[in-house]
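The following exercises ask the reader to work through a protein model step by step. Please inspect the sequence and the structure before reading each solution.

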Amino acid sequence: MKSGAKEKTTRLFVLFTLILLLLVCLPVPTRAAPYLQGDANEDGIVTASDAAAILRHLVRLTELTPQGLANAKVTEGPGPVSAADAARILRWLVRLEAEL
Ligand SMILES: [Ca+2]
């Protein structure tokens with residue numbers, strides 16, 4: 001009887017050890033940057049820096065990430081990100097646009 005209890009304890013210990021190893025060894029998925037309309041530079045807020053990031057991207061001074069590009073597209077229509085998106089962000093920041 002004692003041997004059975006000891007064996008059960010050993011199995012539980014091995015099981016918990018394996019689970020712990022799995023938790024330690026498995027890669028933890030990083031959180032993807034959430035979609036925030038207008039947040040071209042992906043810093044979590046929409047500011048004039050996002051408009052600047054779009055413009056810098058357009059003249060190839062920097063490159064927006066795919067998520068940044070998705071965030072940057074604030075105008076309607078099928079075209080790529082353009083200066084109109086930067087302008088719309090700036091207009092929204094000064095309350096000339098009700099929403100992005
Ligand atoms: Ca931003």
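**Exercise 1.** Against which helices do the buried residues of H4 pack?

*Solution.* The model is predicted: local features require pLDDT of at least 70, side-chain atom pairs count only at pLDDT 80 or more, and totals for chains, interfaces and linings use all residues. Residues are numbered from 1 along each chain as its sequence is written.

Step 1. The chain has four helices and zero strands, in the order α-α-α-α along the sequence. Helices (H or I, at least four residues) and strands (E, at least two) are DSSP runs, numbered from the N terminus.

Step 2. Identify the buried residues. A residue is buried if 20 or more other C-beta atoms lie within 10 Å of its own, exposed if 12 or fewer, and partly exposed in between, with C-beta atoms placed from the backbone. In H4, which spans residues 83-93, the buried residues are Asp85, Ala86, Arg88 and Ile89. Viewed down the axis of H4, they fall within an arc of 160°, so they line one face of the helix. The arc is that of the directions from the helix axis to the C-beta atoms.

Step 3. Find the partners. The buried residues of H4 pack against helix H2 (48-58) and helix H3 (66-72). A contact requires the C-beta atoms of two residues, placed from the backbone, to lie within 7 Å.

**Exercise 2.** Which residues of H2 are buried, and what covers them?

*Solution.* Step 1. Asp50, Ala51, Ala53, Ile54 and His57 are the buried residues of H2. Their arc around the axis is only 155°, which puts them on the same side of H2.

Step 1. An α-helix has 3.6 residues a turn, so residues three or four places apart point the same way.

Step 2. The cover over the buried residues of H2 includes H3 and H4.

**Exercise 3.** Describe how H2 and H4 are packed, and state which kinds of residue meet there.

*Solution.* Step 1. The angle between H2 and H4 is about 170°, and their axes are 9 Å apart. Axes are lines fitted to C-alpha atoms, for helices over the stretch in contact, and angles run from 0 to 180 degrees between N-to-C directions.

Step 1. H2 and H4 are therefore roughly antiparallel to each other. Angles under 35 degrees count as roughly parallel, over 145 as roughly antiparallel, 65 to 115 as roughly perpendicular and the rest as oblique.

Step 2. Ala48, Asp50, Ala51, Ile54, Leu55 and Leu58 of H2 meet Ala83, Asp85, Ala86, Ile89, Leu90 and Leu93 of H4. These residues comprise 10 nonpolar, no polar and two charged. Ala, Val, Leu, Ile, Met, Phe, Trp, Tyr, Cys and Pro count as nonpolar, Asp, Glu, Lys and Arg as charged, and the others, Gly among them, as polar.
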